[in-house]
Amino acid sequence: MAQSVAQPTATTSAALPLKAIAPWAVFFGILMLVLLYFVGAEQGATSVFNGTDVHEWVHDARHLLGFPCH
């Protein structure tokens, strides 16, 4: 009884080039900074919008992430 063993072949990894990833990384980085601003600092002296509407929308996220607001 003869058995054959499959030999591994050399393959190249298909990595994404940095030029393809960089614009998306910058976009999501800016998006995360804007989100962090609205959750962490959008009230009081640094408020962009008048009133407490933004504060009420992100109130629970503030407490979840450890930002004090009271």
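Of the 70 residues in this chain, 11% count as buried. The model is predicted, and the tour below moves from the whole chain to single residues.

**Stop 1: the whole chain**

Show the chain as a cartoon. The secondary structure comes to 3 helices and 0 strands, and read along the sequence the pattern is α-α-α. Now switch to a surface view. The accessible surface of the chain is about 6400 Å², and 69% of that belongs to carbon and sulfur atoms. For contacts with a separation of 6 or more, residues 24 or more positions apart account for 19%.

**Stop 2: colour by confidence**

Colour the chain by pLDDT. The average is 80, and 87% of the residues score at least 70. Which element has the highest mean pLDDT, and which the lowest? Select residues 18–40, which are helix 1: this element has the highest mean, 90. Then select residues 53–57, which are helix 2: its mean of 78 is the lowest among the elements of the chain.

**Stop 3: a patch on the surface**

Select W24, F27, F28, L31, M32 and L35 and show their side chains. Together they form a nonpolar patch on the surface, with about 640 Å² of accessible area. Pick out M32 from this group; M32 lies in helix 1.

**Stop 4**

Move to V58, in the loop between helix 2 and helix 3. V58 counts as buried because its relative accessibility is 15%, and the cut-off for buried is under 20%. Which residues does V58 touch, leaving out those up to four places away in sequence? Select F38 and V39 to see them.

**Stop 5**

With a relative accessible area of 41%, H63 is partly exposed. Show both side chains: that of H59 makes a polar contact with that of H63, at 3.0 Å. H63 and G40 are 23 residues apart in sequence, and their C-alpha atoms are 9.7 Å apart in space.

**Stop 6: R62**

Stay in helix 3 and select R62. Why does R62 count as buried? Its relative accessibility is 1%, and a residue is buried when this value is under 20%. To see what surrounds R62, select the residues it touches, not counting those up to four places away in sequence. They are F38, V39, G40, A41, E42, Q43, H55, F67, P68 and C69.

Methods
Residues are numbered from 1 along each chain as its sequence is written. Side-chain values use heavy atoms; hydrogens and water are left out. A polar contact is a pair of N or O atoms within 3.5 Å; within protein, one must be able to donate a hydrogen and the other to accept it, and residues adjacent in sequence count only if both atoms are side-chain atoms. Helices (H or I, at least four residues) and strands (E, at least two) are DSSP runs, numbered from the N terminus. Buried means under 20% relative accessible area, exposed over 50%, partly exposed in between (1.4 Å probe, protein chains only). Contact means heavy atoms within 4.5 Å. pLDDT is the predictor's confidence in each residue, from 0 to 100. Patches are made of residues with over 30% relative accessible area and no salt bridge: like charges are joined within 9 Å, nonpolar side chains (Val, Leu, Ile, Met, Phe, Trp, Tyr) within 5 Å. Accessible areas come from the Shrake-Rupley method with a 1.4 Å probe; for residues, only the protein chains shown count as cover. A salt bridge is a side-chain nitrogen of Lys or Arg within 4 Å of a carboxyl oxygen of Asp or Glu.
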